[in-house]
Amino acid sequence: MLEVKRLSVSYDVLPAVFDVSFEVRKGEVIALIGPNGAGKTSTLKAILGLVEAPSGQVGFLGKRLEREPPWVRVRAGLALVPEGRRIFPEMTVEENLELGAYATATRRGKPGARLDRAYTLFTRLAERRRQLAGTLSGGEQQMLAIGRALMSEPELLMLDEPSLGLAPRAIEVLYEHLEALHREGLTILLVEQFVYGALELADRGYVLERGRIVREGTRESLLHDDYIQKTYLAL
Ligand code: ATP
């Protein structure tokens, strides 16, 4: 579904991502893990066109997107839940959700049906639809950010460190929702520093360090990899 080939990103002259290649197949959850500053966020942003990638290819559902602006990529079926959630705190839950439908509103079904789906998935959001988003708990804000991304009816949902700053119980609930989306067949590219959780959920994973992919494999092979156990799982 997504084929990233030899992607590179630099900020001014400083390289952040070098020659990164990986693929995501339909229905898979793929974990992209690595330490702070490894280039994970830059990779997601380059896939969506939010930062320039001077070289490399982004193939998605048979189309080449690397020269397209972000809105074309969203219409093609990509969505990103950014790090830090970036909801609009002064708007209600429902208004935040409606914004997510905006880019694809003309092409796909009515926003009402999408809202119903978001509320079915996240019942807590339904209970709080008129509440200002800034008054939600961290876990609820993360669900709102995911619900908003799903409002564009993406084929591939990308999440950037969704567990960051959440309490352990909220992380558990978040991962139950991600698991449910996986079971429904949604394809997910998950960037995480919560490595154990991400690998447990994922079908396969890639490890990015200093802008390069240094390991890749199935969930089992990565969870049993000595280097990953020592470096990321503290076993
Ligand atoms: P984190 O988990 O801390 O978000 P990351 O793996 O997502 O890390 P990136 O945020 O992609 O990594 O950063 C990769 C490198 O690019 C880092 O050295 C970072 O300082 C640099 N970088 C990221 N964004 C910018 C920017 N807008 N301008 C300049 N340098 C940047």
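Here are some notes on this predicted model, point by point.

1. Ground rules. Residues are numbered from 1 along each chain as its sequence is written, and side-chain values use heavy atoms, with hydrogens and water left out. Since this is a predicted model, local features need pLDDT of at least 70 and side-chain atom pairs count only at pLDDT 80 or more, while totals for chains, interfaces and linings use all residues.

2. From the backbone, an N or O atom of glycine 39 lies 2.9 Å from a ligand oxygen. From side chains, a polar atom of glutamine 193 is 3.1 Å from an oxygen atom of the ligand, and one of glutamate 83 is 3.4 Å from a ligand oxygen. The ligand taken alone exposes 630 Å², and the protein buries 58% of that; accessible areas come from the Shrake-Rupley method with a 1.4 Å probe, and for residues only the protein chains shown count as cover.

3. Helix H1. Helices (H or I, at least four residues) and strands (E, at least two) are DSSP runs, numbered from the N terminus. Why is H1 described as largely enclosed by the rest of the structure? Because 7 of its 9 residues are buried, where buried means under 20% relative accessible area, exposed over 50% and partly exposed in between (1.4 Å probe, protein chains only). The buried ones are Lys40, Ser42, Thr43, Leu44, Ala46, Ile47 and Leu48. Just after H1, glycine 49 takes a positive phi of about 85 degrees.

4. A tilted ring pair. The structure holds 2 aromatic pairs. Here, rings of Phe, Tyr and Trp (its six-membered ring) pair if their centres lie within 6.5 Å; planes under 30 degrees apart count as stacked, over 60 as edge-to-face and the rest as tilted. Phenylalanine 22 and tyrosine 206 make a tilted pair, 5.4 Å centre to centre with 50 degrees between the planes. This pair links distant parts of the chain, 184 residues apart: phenylalanine 22 is in strand S2 (residues 14-24) and tyrosine 206 in strand S9 (residues 204-209). Phenylalanine 22 is buried at 5% relative accessibility, and tyrosine 206 is buried at 3%.

5. An edge-to-face pair. Tyrosine 175 and phenylalanine 194 have ring centres 5.4 Å apart and planes at 85 degrees, so this pair counts as edge-to-face. Tyrosine 175 sits in helix H7 (residues 168-183) and phenylalanine 194 in the loop between strand S8 (187-192) and helix H8 (195-201), so the pair ties together parts 19 residues apart in sequence. Tyrosine 175 is buried at 11% relative accessibility, whereas phenylalanine 194 is partly exposed at 32%.

6. A charge over a ring. The charged end of arginine 212 sits over the ring of phenylalanine 18, 4.2 Å from its centre. The test is NZ of Lys or CZ of Arg within 6 Å of the ring centre and within 35 degrees of the ring normal.

7. Two arginines to look at. Which backbone angle stands out at arginine 210? Arginine 210 has a positive phi of about 45 degrees although it is not a glycine. Its place is in the loop between S9 and strand S10 (212-218), and it is exposed, at 68% relative accessibility. Arginine 6, also not a glycine, has a positive phi of about 50 degrees. Arginine 6 is found in strand S1 (residues 2-11) and is exposed at 53%.

8. Proline 15. Proline 15 lies in strand S2 and is partly exposed, with a relative accessible area of 44%.

Terms used
A polar contact is a pair of N or O atoms within 3.5 Å; within protein, one must be able to donate a hydrogen and the other to accept it, and residues adjacent in sequence count only if both atoms are side-chain atoms.
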